[in-house]
Amino acid sequence: VQLQAFGGGLAQAGGSLRLSCVASGRTFSRYAMGWFRQVPGKEREFVAAIAWNGGSTYYADSVNGRFTISRDNRKNTVYLEMNALEAEDTAVYYCAAVLGDYGAAYYGRASGKFDHWGQGTQVTVSS
């Protein structure tokens with residue numbers, strides 16, 4: 001599966017952005033999906049995961065309650081709705097995929113299992 005992320009940009013603190021990630025291929029619905037982010041000089045950080053059928057989601061504590069991950073398997077797309085943005089959310093955001101049918105928490109707690117990555121999209125939040 002190949003992934004391409006869209007929707008990054010500049011937002012003010014307290015504002016919102018929506019990221020999209022489109023996957024190629026016919027097997028998108030077999031993959032759990034995730035969003036990660038990375039700031040220069042720091043390790044990549046897990047943000048959110050969603051199970052293959054959208055039946056469960058899992059979030060990092062830092063975004064829980066502010067971000068929402070969702071997917072549309074008919075469109076081969078996963079989304080990340082980001083609300084109440086903070087300057088600390090500034091990063092390059094990546095979508096990722098892993099083949100499997102476990103729940104989102106399984107992959108979120110073992111985020112190293114994600115093995116397909118898209119290119120990043122920059123999110124900048126001004127304070």
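View 1. Strands here are DSSP runs of E, at least two residues long, numbered from the N terminus. Strand β2 (residues 9–12) pairs with β11 in the parallel sense over four bridges; two strands pair if DSSP finds at least two bridges between them. The model is predicted: local features need pLDDT of at least 70 and side-chain atom pairs pLDDT 80 or more, whereas totals for chains, interfaces and linings use all residues. Residues are numbered from 1 along each chain as its sequence is written, and side-chain values use heavy atoms, without hydrogens and water.

**View 2. The side chains of strand β11 (residues 121–126) alternate.** Thr121, Val123 and Val125 point to one face and are buried (under 20% relative accessible area, 1.4 Å probe, protein chains only). Strands β9 and β11 pair in the antiparallel sense over three bridges, and Val92 stands opposite Gln122.

**View 3. The largest nonpolar core has 38 residues.** Such a core is a set of buried Ala, Val, Leu, Ile, Met, Phe, Trp, Tyr and Cys residues joined through side-chain atoms within 4.5 Å. Trp35, Leu80, Met82 and Tyr93 touch the most other members. Strand β9 (residues 91–99) supplies the largest share of this core, six residues.

**View 4. Arg37 lies in strand β4 (residues 31–38).** Arg37 is buried because its relative accessible area is 6%. The side chains of Arg37 and Asp89 are joined by a polar contact of 2.9 Å.

Conventions:
Buried means under 20% relative accessible area, exposed over 50%, partly exposed in between (1.4 Å probe, protein chains only). A polar contact is a pair of N or O atoms within 3.5 Å; within protein, one must be able to donate a hydrogen and the other to accept it, and residues adjacent in sequence count only if both atoms are side-chain atoms.
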